Amino acid sequence: MTPRRAAHRLPLHAAAALTVVVCLFPVCWMVATAFKPSRDIQSADPRLLPEHWTVEHFRRAVDADGFALFWRNSVLVTLSAVLLALVVALGAAYAVARLRWRGRRQFMLAVFIAQMAPWESLVIPVYIISRDTGMLDRLPALTLVYFMITLPFTVVVLRGFIAGVPPELEEAAQVDGCSRPAAFRKVALPLLAPGLMATSLFGFITAWNEFTYANFLIIKQQDSRTLPVWLSSFQSTFGTDWGATMAAATLFALPALVVFLVLQRHVTSGLASGGVKG
């Protein structure tokens with residue numbers, strides 16, 4: 001790279017570095033606060049790194065009522081919603097990308113509109129429907145809501161991936177005696193792994209972090225609550241236990257971070273391929 005070209009790229013690199021710092025600073029402050037003693041958290045002389053390290057806040061968070069139960073609820077609801085969205089979206093995306101049928105364009109337009117709609121605007125209708133059907137305070141209702149939220153994005157991304165797989169590969173398998181579903185399962189499906197991982201990560205993060213619906217649909221049954229709602233339990237009329245809150249938030253963020261690090265390579269290539277080939 002020539003010096004002139006490097007000089008032209010310097011503002012871009014500086015902007016990228018500034019963006020990274022701005023995005024990571026709250027996370028670093030959260031993790032650092034989780035290890036600070038209580039007397040240092042609201043000190044008049046705040047420090048980014050704790051002068052004295054402690055894990056007492058993590059003990060208090062783990063020992064809090066319902067930690068293991070709410071963790072199980074979050075894992076169960078999140079994984080169920082993601083798997084359900086993948087199964088349904090895979091069939092819908094295949095029908096749009098491979099088949100020619102009346103209303104296909106209108107269907108994709110409806111999917112795009114659903115993707116653009118702010119889901120917070122549907123809180124009251126979803127609450128009324130859940131109340132009238134007896135689904136309030138039940139985890140299946142929360143699972144269906146998260147499935148509804150993640151489905152449009154999953155359909156759009158998987159459609160791009162399926163369209164990027166040459167149909168001749170499936171046709172060759174059908175000539176060799178495979179049925180259409182068998183040809184898709186044996187030939188196209190293995191090539192869709194990056195797209196499946198990209199959409200799975202998006203669905204996982206969306207469902208794992210969601211608070212509004214979990215707070216509105218699970219009202220009376222405390223045992224059916226999820227971790228985002230559990231985080232608010234460290235706030236009371238006497239104040240907020242910031243140390244335990246930051247420790248709990250750090251523990252809460254770990255699963256999403258681990259999943260992202262494991263799938264990072266596939267997710268990057270998946271989003272790029274899905275966007276180009278759609």
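This is a predicted model: local features need pLDDT of at least 70, side-chain atom pairs count only at pLDDT 80 or more; totals for chains, interfaces and linings use all residues.
How exposed is Arg47, going by its relative accessible area? I looked it up: Arg47 comes out partly exposed, at 44%. My cut-offs are under 20% relative accessible area for buried, over 50% for exposed, and partly exposed in between (1.4 Å probe, protein chains only).

Residues are numbered from 1 along each chain as its sequence is written, and side-chain values use heavy atoms, with hydrogens and water left out.

Next I went for salt bridges, meaning a side-chain nitrogen of Lys or Arg within 4 Å of a carboxyl oxygen of Asp or Glu. I found 5 of them in the structure.

Entry one: Arg47 pairs with Glu51, and their closest N and O atoms sit 3.9 Å apart. Glu51 counts as exposed, at 52%.

Entry two: Asp241 bridges to Arg60, with 3.0 Å between the closest N and O atoms. This pair links distant parts of the chain, 181 residues apart: Asp241 is in the loop between β2 (239-240) and α13 (242-277), while Arg60 is in helix α3 (residues 56-62). I checked what those labels mean: helices (H or I, at least four residues) and strands (E, at least two) are DSSP runs, numbered from the N terminus. Asp241 is partly exposed at 26%, and Arg60 is partly exposed at 29%.

I get Asp132 as exposed at 54%, but Arg131 as partly exposed at 46%.
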